[in-house]
Structures are given as structure tokens and as C-alpha cells.
Amino acid sequence: MKRLILSRLLQIIPLVIGVIVMNFVLIQMAPGTLLDIMTSEQQITDPAALDRMRELYGYDQSPIIQLLKYIYSVFTLDLGYSYRQNAPVLDIILAQLPSTLLLMLVAIGIAVTFGMIAGVIASVKVNTFWDVVISLAAVFFFAAPTFWLGIMLIIVFSVWLGWLPVGGMTTIGVDYGFFGHIWDVIRHLILPALSLGLFYMAIYTRVMRASMLEVFSLDFVRTARAKGLSTTRVIFAHVYRNALLPVVTLLGLQLATVLGGSVVIEAVFSWPGIGSLMLDSVMSRNYPVVLGVFVLSAVVVAFANLLVDIAYYRLDPRIRNR
Amino acid sequence: MARSASSQSLDHLYRFARNKGAVLGLIIIVIVFAAAIAAPWLIDRDPLRIVYRPEIWPFTNPKYPLGTDSLGRDILALILFGARTTLMISFAAAFTATILGVIIGAFAAWFGGWLDEVLTRLTELFQTIPNILMIMTVVAVLGQTIGNITFAIGITMWPPIARLTRAEYLALRDREFVLACRSMGMGNIRIMVTEILPNAIPPVIVLGSVIIGSSILFESSISFLGLGDPNVASWGALIGDGRTLIRRSWYICAIPGLAIMFTVLAMNLIGDGLNDALNPRLRDR
């Protein structure tokens, strides 16, 4: 177990270097350097000032040296400096991180909980009315673009019914006190989390249903039934536990997209997270921030893989004894 | 392998046709294709041109059956021409991803050793970056054209195809018919293309059809965010443009969204049908 964790943690290093190299090459392909963008935006034309900036940002050196310097600085936890916000990239990202994590974890939580329940019901009542209804809903939510679903939810619940706010994370300019503030954030969170959650839920429902049906057909289930166990016991003690592994795999893949998965929904609901930051940075060619988000994302993926390994280890004794 | 190739494909066709969802999906896709192809004949003007007053509701003016958008453009024209953009980008992107993935997966499995190690690491690397972030960045860096959007989606979506192809080739690599080909002195590439590929391709095709569906979603997301090609009609861009008017004219957002949903739905149903037809082992799932 310790060896497993250690090897996973060591994998972060080549992964991060690979992500940096790949995106560095991509950014080199862009017309104009960051310097050109900065100076044209801030109307700097003085040649002496230009030279000074070129030196300061390292553009007087070859791309290879720039790349090596960047990789070195990443491993000292320095992701560079964003001229736009006039702050270190790491600080900017960390400031936006909590709201994205809140949105994504709530959305994934909704999706896993209700997706698994729906999948179990559909598999137990396979080929009945409930199975058809659940499977149809899953097919539709899997095909609907999340941003469109979000807008439709806004139209119904904010515009027509007036129950929930249209966007943002808090009501601006009102002081509700501590508990009022939490309630305010929850009200803002419901629609974006639901838009994302319904899409993910569709995936979990499909996977859970298929996985349950597969386990139902295995020999040990027949044995359990032959022993005279009640149907409920067979379903929960035998089938459900064994059907969980694909869901865990899926959950791991999903945790890996926790930083990027909400870009579009954040744009719809003006949610102040990593997605909004990323969209703004891509549009304004603020590449230090773009690169920083990618690096952080690589670290998140590595940790997600580690979590999946540990979950497998706990869930499946066959892996433990290997 | 006793059955002849033609009776086998008839068998596939029969199994596909028995799946009602798949047939429904196929009908929807044929309609969308027909709309895309017929668009220039049905509407003989630039779909992005302003034709009438803005915000005309659907079914109120027979000249503009689906109404007009926030600028006064004909929504029906935008939907028809948008179908062209969406189908072109998603099919081309999925094709690019499939070709790339098959080549990378096949080489990794067939040659093994250090090449397998390098290609597998490369696949993992591409899977590390959230798809939508990668697509956004590539489009922003290279420029907002149809070609670049197709390239961006294609270069992002190949890893699952590569992993699947690698697994299929690994399973087939040491089978007797491959050994026979080798002992006959057939070249590597020839065995990979003419002998293994036909046996490895069915599950890849199924995954490819699912990737077309995801490509449609990615293309519409990119256009919605304002990173699409500004010179062509796009369903996602229409939703993005209509967003500010949801209080009065919510239909501008609703209509293109339904078009996206039903097209993606159709592709997924076709994928399920192909899965049933080509992988009979999994039919009862």
C-alpha cells in the first residue's frame, strides 16, 4: 500500500513536466509573444522600457532556456506572474479554487447519489415502466448541452418562478450575517450544480444499471438466491457491492476533470471560479495563468488516480492480496 | 469464420434494425444531414444576414417560421446552416481522432517495448488535461476557424480510441492467423492493416460514433463561449447570442438547444445500436 502511494506520488513529476512541455510548445505556436500583448495593451513604446521588460520576463533568452527555467520555478511552487491582475499566478488560482471545488463537488455529489439510486432501481426493475422512464431520462440528460440546460433552468426557476437568483455566487451589497450568507450561497449554488449534476447523473445511472445487470447474471448471485436469501439481501449484500467498481473508476475520471469540467457552466452563471478565470485568460492571451491552471490540473489528476487506487484496494479483496 | 462476409454484414444489419432506438437515431441523423445539404437551396442568402425586425416569435410570421433572433436574423436559416457547421466539424474531428488513435494504439501494441512505453505515456499525458480546457486553448492560440476547431477537438479526443485499439491489437497480436501471416513473410504494416485491423475495428467504430456525439457538444460549447468561427452559423453561438434576451424571447435559446440535444441523442442511439450489432457478446446489457 505504501509503495503504491509512493509510486503514484512520484508519477506526478513526469506528468507535470509533460504537461508543461506540451503547453509551452502550444503557446510558442501563437503569433506574437506575451511581451507584444502586454506592451500593446498598456501602450508601451519606449525602447528602453521594452528592453527592460524583455529581460525581466526572460524573453531575451532562447525558448529552451525559458522552458527549463519555467519547469524549475514550478517545482519551487512558483507558477509565474500575471501582469494582468498584477499578482503571482498561484495566488490568483488559489483565490478562485474554492468556489470551483464547491460547485464541482456538490454537482458530483448529486450525480453519484441520485445516479446510483436510479441505476439500482432501473436494474432491479429491468424492462418495466420505471426502467424505461429512468433510462429515457438518462439518455436525454446525457445528450443535452449543460450550458443549454443551465439557461433553461434559469428561464424556469429564475425568470418565470422567481425562486432562485440568475447568477453569481453571492448577492452583492447585502449583509446577511453568517448563516444568512451560507443560505445565500446555497441559493446561488442550486442551479449551476443541478445543470452539471443532471448531465453527470445520466452517466452514473447508465454505468450503475449496466454494472448491476452484469453482476446479476453471475454464478455467485444464483448461489446466494439458492441459499434462500431474501431479494433485498441479494441485491444489497451481493450485487450492489460488486457492481460498485465501474462507478469508482468513473468517479476517478470525474475527479480528474474537477478543475476544467465547469468552464461552460461558470460562464452561464457568472460563477467566480477557475473556469471563468481560464476563459478570461485564454481570451486575453494571459498565458502564464493558462499554463498555471494546466499544471495544477495535472497534480489534481495524479491525486485522483491515487484515490481510485486506494478505493479499489479497499473495495476489492482480490487486488489487496495480489 | 465459416460464414461469408456478406451474410455476416447482413446479420449485423438485421441486429441493428431490430434495435428501435438505433433506427430512430438513424432517422434523426438522416434528417439533420438532409437539412445540412439542402440549406443553400432552401435559403439563398447568407444566414448571418439581418432580414427582418429582431425578436419575432416562432409561428407568427410565415416567412420566418422559427422567428428571428436578437439581431433580426432568420432562426430557421441559422439552424439549417448551423447543421452544416456542426456535422462538418464533429464528423471531421471524430474521424481525425479515430485515425490518430488507431495509428498510435496499433503501433504501441504491435511493436511494444520502448515505443509502447512512450506512446502509452503520451496517451496518459493527453488524458491529464481536461478536454474542454485543451480545446479552448488550442482554438484561442491557433485562431477561430472551422479548421482549427476541428483540429483542436480531434487532437483532444484520440486517447480513448488509442487505448481501445491498443487493447484490441494486444489481444489479436499472438493469434494463429497472425502467426501464419508472419511465417509467410508478410510485412509488419501489411499485417497490421489488412489482417488485424478488420478484426479490431468493430469496437473502435462504436466508440467513434460516441465521440461524434461528444464532438457536437464540444463544438457547441466552444461557439457558445464565443470562441467559434464568427463567419459561419452555429447552434452554440445562437444560444450564446440569445442569452441576454431570456426574459422576453427565451425561444432564441431554446430552439438551437433542442437541435443540439436531438442530434447528440441520435448519435448516442446509433452508437448503442452499433454496439448491439457489432458486439453481440454485450447484447443483453
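**Note on the helices of chains A and B**

1. In chain B, residues 205-228 are 83% helix and 0% strand, and the end C-alpha atoms of this span lie 28 Å apart. Helices (H or I, at least four residues) and strands (E, at least two) are DSSP runs, numbered from the N terminus. Residues 249-270 of chain B are 91% helix and 0% strand, with end C-alpha atoms 34 Å apart.

2. This is a predicted model, in which local features need pLDDT of at least 70 and side-chain atom pairs count only at pLDDT 80 or more, while totals for chains, interfaces and linings use all residues. Residues are numbered from 1 along each chain as its sequence is written, chains are lettered from A and ligands numbered from 1 in the order in which they are written, and side-chain values use heavy atoms, with hydrogens and water left out.

3. The UniProt record (unreviewed entry) places the feature "transmembrane region" at residues 21-43, 88-112, 132-156, 205-228 and 249-270 of chain B. UniProt positions follow the numbering used here, feature names are shortened, and annotations may be inferred rather than shown by experiment.

4. Chain B has ten helices and zero strands. Its C-alpha atoms fill a box of roughly 75 × 45 × 35 Å along the principal axes. Of the 285 residues in chain B, 52% are buried (under 20% relative accessible area, with a 1.4 Å probe and protein chains only). Among contacts (heavy atoms within 4.5 Å) in chain B with a separation of 6 or more, 72% join residues 24 or more positions apart.

5. In chain B, the axes of helix α2 (residues 20-42) and helix α3 (residues 75-111) come within 8 Å and cross at roughly 130 degrees. Axes are lines fitted to C-alpha atoms, for helices over the stretch in contact, and angles run from 0 to 180 degrees between N-to-C directions. α2(B) and α3(B) are therefore oblique to each other; angles under 35 degrees count as roughly parallel, over 145 as roughly antiparallel, 65 to 115 as roughly perpendicular and the rest as oblique. The residues of this contact divide into 13 nonpolar, no polar and one charged (Ala, Val, Leu, Ile, Met, Phe, Trp, Tyr, Cys and Pro count as nonpolar, Asp, Glu, Lys and Arg as charged, and the others, Gly among them, as polar).

6. In chain A, helix α12 (residues 274-283) and helix α13 (residues 287-315) pack at an angle of about 140 degrees, with their axes 8 Å apart. α12(A) is therefore oblique to α13(A). Residues making the contact include A:I274 and A:L277 of α12(A) and A:V289 and A:F294 of α13(A). The contact residues comprise eight nonpolar, one polar and no charged.

Conventions:
Buried < 20%, exposed > 50% of the residue type's maximum accessible area, 1.4 Å probe, protein only.
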